[in-house]
Amino acid sequence: MKKLKILVVCGTGIATSTVVSRKLEEKLSERGYEVETRQCKASEVESNLEGIDIIVATTPVPENLGVPVVRTLAFLTGVGEDEAIEEVISKIGGDVQK
Amino acid sequence: MTLNDIISGLGVTVLLPIIIFFLAIIFRISVKKAFRSAVLIGIGFIGINLILGYFLNNLAPAAQKMVKFTGVHLPVLDVGWPAAAAIAFAGKIGLFVIPITVLVNFLMYIFHWTDTIDVDVWNYWHFAFTGGLVYALTNNLWLGMLAAAIDAMLVLVLGDWTAPAVQEYYKIPGISLPHGFSAAYVPIAIPINWLLDKLHLDKIKADPESIRKKWGFFGDPIIIGLILGLVVGFLGNLKTLNMAKSWFDILKLGMSMAGVMYIFPKMVAILMDGLIPISEGVRGFMKARASNRKFYIGLDSAIAVGDPAAIASAMILVPIAIILMVIIPQNQMLLAVDLAVLPFMVVMTIPITRGNVLKTVIIGTVIIAVGLLIGTNLSPLFTKAAIQAQFKMPTNATQISSICDGSNPLTWFIVKLMNSWYGVAALFVVFFVFLYFYRKHRKAWEIIAGASEEAATKE
């Protein structure tokens, strides 16, 4: 089983990305994924892409990074969390085995 | 043994976890989760205290040497938002700020004074900070709590006012940003922006993305910290540059400051982690009671600071802030940790200027210049609040402050008025006049805050 590596991005790499990381770990492990998150600022995305399967961001990130991006506030507002998790899973596609 | 003995005997690393635990239980978090988050909060405070001590012990002597050898008199050390937040939550007002803010927000929503439901529990610290300064000033717990409440009230209305522009510019429907620091600059940014438009500066456009690519390296907090440490160390050792030890010290100070910039926010992340269950509890509690009417969900302005125009403007403002700090004669603040917080200072100005970097930098220059004076003015109270919250200060009479929120004009305004009951009455008058005119001319107000005709609230 491969670990799912998620880069969680917000404006500070600290504030909202901590909340989102915990949520992703909780929700994805419930669905049987092994998850590893890394947090960074929007301006540091390019230098943190090594080995990353997907980016989940609460703030605008640069385009054309070569890695799928899910931009969502669902984990902060509590509205549409399940849909956001579905989006993350669908964007990972077949690369990562459950 | 009195209650006060118990409070000071336990200290914040034990007391706050206990309070957070019971608060979490009240908001119906499971015991296991509540316990773990309470312990995490205590750990966060230990971490912040360690780094704050390390920072002050390294920078304070170096800054004093710099003063001695260069005459650059900047004795007030900028300990930054991580320390300010910890001081706020660890103070007496911080112990009550979560229930106070939830109650204020809930009542204001019922009375139709706000449309925002602020679920960003972490940033309640701004209200606790304002309250903590008022408590340090008056030694009156009720006045401190009142100050926290009125700060929250004003910020909630600021959040409503800016919501259409923020939602439109940042493409975040249904969200407002009732952020005690970022929102405080809106009433200043709007008139300056109007003036700059009259001067046709809105025609000059800079490309934020290319600025970010070109200068991004120097906008990185660890690089800012490194350079700052080297410069302060160099100036402090000007007279002894022929000695190898001086150069060792300069290099070590550079590395120390880079380390502080990197590690300090990580310690805050532990606190935030501990607050997550309570945040969810508060969110559930408030949303369950607010569902009969449309509302904005109030979030941290961190969700917007990734915007290229915000990043680019903040990068340009770092060297400007350093120049201002040296040339403004009344300033006594040595900017350090909060050179990394400037994106939060401009993030709600960006929708007003519609992403115009030049206008944002001009507005930012004005608010930093004024902010240095405010930060200097509030530093005795800031230092007192830190001591009241049991943070260890170096013995050599160092004073501390920060940009966020020591230089916050809204905090300053409240603290200055809260000195007497007349001032308290005046503050409430200001609030109701503000609320009345905003609600009466809502659409027009939202348009001057940067919203388009379509995005502003329909009358």
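User: How do the residues lining the largest pocket divide into nonpolar, polar and charged?

Analyst: This is a predicted model, to start with. In it, the lining of the largest pocket has 25 nonpolar residues, ten polar ones and eight charged ones.

User: And how much space lies in that pocket?

Analyst: About 880 Å³. It has 43 lining residues, and the ones closest to the centre are A:Lys41, A:Ser43, A:Glu44, B:Asp220 and B:Pro221.

User: Which elements give two or more residues to the lining there?

Analyst: From chain A, strand S2 (35-41). From chain B, you've got helices H9 (208-219), H10 (221-236), H11 (244-290), H12 (308-327) and H13 (342-346).

User: Which one has the largest share of that lining?

Analyst: H11(B), with six residues.

User: OK, next one down. How much space is in the second largest pocket?

Analyst: About 420 Å³. The second largest pocket is lined by 22 residues, and B:Ile227, B:Leu228, B:Val318, B:Pro319 and B:Ile322 sit closest to its centre.

User: Which elements give it two or more residues?

Analyst: H9, H10 and H12, which belong to chain B. The largest share is from H12(B), at seven residues.

User: How does that lining divide by class?

Analyst: The second largest pocket has 21 nonpolar lining residues, one polar and no charged.

User: Switching to cavities. How many of 30 Å³ or more turn up in the whole structure?

Analyst: Four. The largest cavity holds about 250 Å³ of space, and 17 residues line it, with A:Val19, A:Leu76, B:Val119, B:Asp120 and B:Ser279 closest to the centre.

User: Which elements give two or more residues to the lining of the largest cavity?

Analyst: Helices H1 (15-30) and H2 (74-77) of chain A do, along with H11 of chain B. H11(B) gives the most, six residues. H11(B) also has the largest share of the largest pocket's lining.

User: What classes of residue line that cavity?

Analyst: Eleven nonpolar, two polar and four charged.

Methods. Residues are numbered from 1 along each chain as its sequence is written. Chains are lettered from A and ligands numbered from 1 in the order in which they are written. This is a predicted model: local features need pLDDT of at least 70, side-chain atom pairs count only at pLDDT 80 or more; totals for chains, interfaces and linings use all residues. Side-chain values use heavy atoms; hydrogens and water are left out. On a 1 Å grid over the protein atoms alone, a cavity is a set of points where a 1.4 Å probe fits but cannot get out, and a pocket is an open set with protein on both sides within 12 Å along at least five of seven lines; lining residues have an atom within 4 Å of a point. Grid points are joined across faces, edges and corners, and a volume is the space filled by probe spheres set on the points. Helices (H or I, at least four residues) and strands (E, at least two) are DSSP runs, numbered from the N terminus. Ala, Val, Leu, Ile, Met, Phe, Trp, Tyr, Cys and Pro count as nonpolar, Asp, Glu, Lys and Arg as charged, and the others, Gly among them, as polar.
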